[in-house]
Amino acid sequence: MEIRKIGVIGAGQMGNGIAHVMALAGYDVLLNDISEDVLDKAIATIRKNMERQVSRDRITAEAMEAALARITPTLTLSDLGATDLVIEAATERESVKQAIFDELLPHLQDHTILTSNTSSISITRLASRTDRPEKFMGFHFMNPVPVMQLVELIRGIATDKPTFDACRAVVEKLGKTAASAEDFPAFIVNRILMPMINEAVYTLYEGVGSVQSIDQSMKLGANHPMGPLELADFIGLDTCLAIMNVLHDGLADTKYRPCPLLTKYVEAGWLGRKTGRGFYDYRGDEPVPTR
Ligand code: CAA
């Protein structure tokens, strides 16, 4: 099964990164969103990120222009009917993903593989509501997509081998590495990463350390490229909380209970970098800790 044309649904943080790497690898990309403004911003972001790669000699200016020409933005979901592989990277809410699949499915060709970039929702459950559970799986990129080497490939209970192999071949063509994960809450990376981030928030909540000392400790004491609170802001505190809730509900173990301070930040709308404030305030020249 040869994949040539790829549909990406959702042009936010993850979707624009996915379109970026797919186009650089030579795939034709249809990038879909419901907002023209989001699509315009996504194309500008992809250009900016590619220019950064050109300036660091990672790619040539010709490769950048060729890749940008391979990306077609579209507001019409049914346009994705012409693709061989669809990666859904819309809002991390099951009802939203469900509505997108319901609208898209009648337009898809029989051979098209349907995947979700979900970081924690059950692949088996999403697949069961489509007409192609055997051609459905999880295709989970890490943020920032152009930089991070890993892609988690998650098989639902019904996913067949040709589908898995076709997705693994795409990951290889991207020059990235695939990790195969079984379909249990939050898969591998977030099953391990989110409890660490949640524990960092508890460490702050209980006054063991300040935002700055917690982040510095993990950067200098454990060689992490970002401190856990800085990373939480980067991922989005709403996403972190949603994943903790999936772990808590799905595994029914109190060790996954989300820290009340994380809930409070989300309730305040302080969701991290994307809203200008989280564990740090990003509205000035330099990020300033908010506690
Ligand atoms: N597009 C293209 N290139 C980018 C980029 C982007 N969006 N962001 C950074 N880069 C490139 C830079 O150009 C630079 O390239 P060179 O090595 O060629 O010079 C390189 O990445 C490093 O960037 P910087 O020098 O600007 O900054 P840095 O050294 O501080 O690294 C970082 C930034 C790569 C984000 C690093 O801090 C990091 O690895 N942080 C941790 C990220 C992480 O853990 N991500 C996973 C989150 S979990 C997840 O995504 C799963 C989920 O479901 C929630």
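How much space lies in the second largest pocket? The volume comes to about 170 Å³, where a volume is the space filled by probe spheres set on grid points joined across faces, edges and corners. The structure is a predicted model, in which local features need pLDDT of at least 70 and side-chain atom pairs count only at pLDDT 80 or more, while totals for chains, interfaces and linings use all residues. Residues are numbered from 1 along each chain as its sequence is written, and side-chain values use heavy atoms, with hydrogens and water left out.

A pocket is defined on a 1 Å grid over the protein atoms alone as an open set of points where a 1.4 Å probe fits, with protein on both sides within 12 Å along at least five of seven lines; lining residues have an atom within 4 Å of a point. The second largest pocket is lined by 13 residues, and Ser-120, Ser-122, Arg-125, Pro-185 and Val-246 lie nearest its centre. By class, this lining has five nonpolar, four polar and four charged residues (Ala, Val, Leu, Ile, Met, Phe, Trp, Tyr, Cys and Pro count as nonpolar, Asp, Glu, Lys and Arg as charged, and the others, Gly among them, as polar). Domain 1 (5-181) and domain 2 (190-289) each provide at least three residues of the lining, the domain bounds coming from an automatic or database domain assignment. The most is given by helix H10 (residues 237-251), with four residues; helices (H or I, at least four residues) and strands (E, at least two) are DSSP runs numbered from the N terminus.

Aromatic contacts were assigned to rings of Phe, Tyr and Trp (its six-membered ring) with centres within 6.5 Å, planes under 30 degrees apart counting as stacked, over 60 as edge-to-face and the rest as tilted. By this rule the count comes to six aromatic pairs. Tyr-202 and Tyr-205 form an edge-to-face pair, 6.1 Å centre to centre and with 70 degrees between the planes. Both residues lie in helix H7 (residues 189-205), three residues apart, or about one turn of the helix. Tyr-202 is buried at 9% relative accessibility, whereas Tyr-205 is partly exposed at 45% (buried means under 20% relative accessible area, exposed over 50%, partly exposed in between, with a 1.4 Å probe and protein chains only). A tilted pair is formed by Tyr-265 and Phe-279, at 4.5 Å centre to centre and 40 degrees between the planes. This pair links distant parts of the chain, with Tyr-265 in helix H11 (residues 260-268) and Phe-279 in the loop between H11 and strand S9 (280-281), 14 residues apart. Tyr-265 counts as buried at 4% relative accessibility, as does Phe-279 at 0%. Ring pairs join Tyr-265, Trp-270 and Phe-279 into a cluster.

Charged groups also sit over rings (NZ of Lys or CZ of Arg within 6 Å of the ring centre and within 35 degrees of the ring normal). The charged end of Arg-155 lies over the ring of Phe-164, 3.9 Å from its centre, and that of Lys-173 over the ring of Tyr-27, 4.4 Å from its centre.

The peptide bond from Asn-143 to Pro-144 is cis, with omega near 0 degrees. Ala-186, although not a glycine, has a positive phi of about 70 degrees; Ala-186 is buried, with a relative accessibility of 0%. Asn-223, likewise not a glycine, has a positive phi of about 55 degrees and is exposed at 69% relative accessible area.
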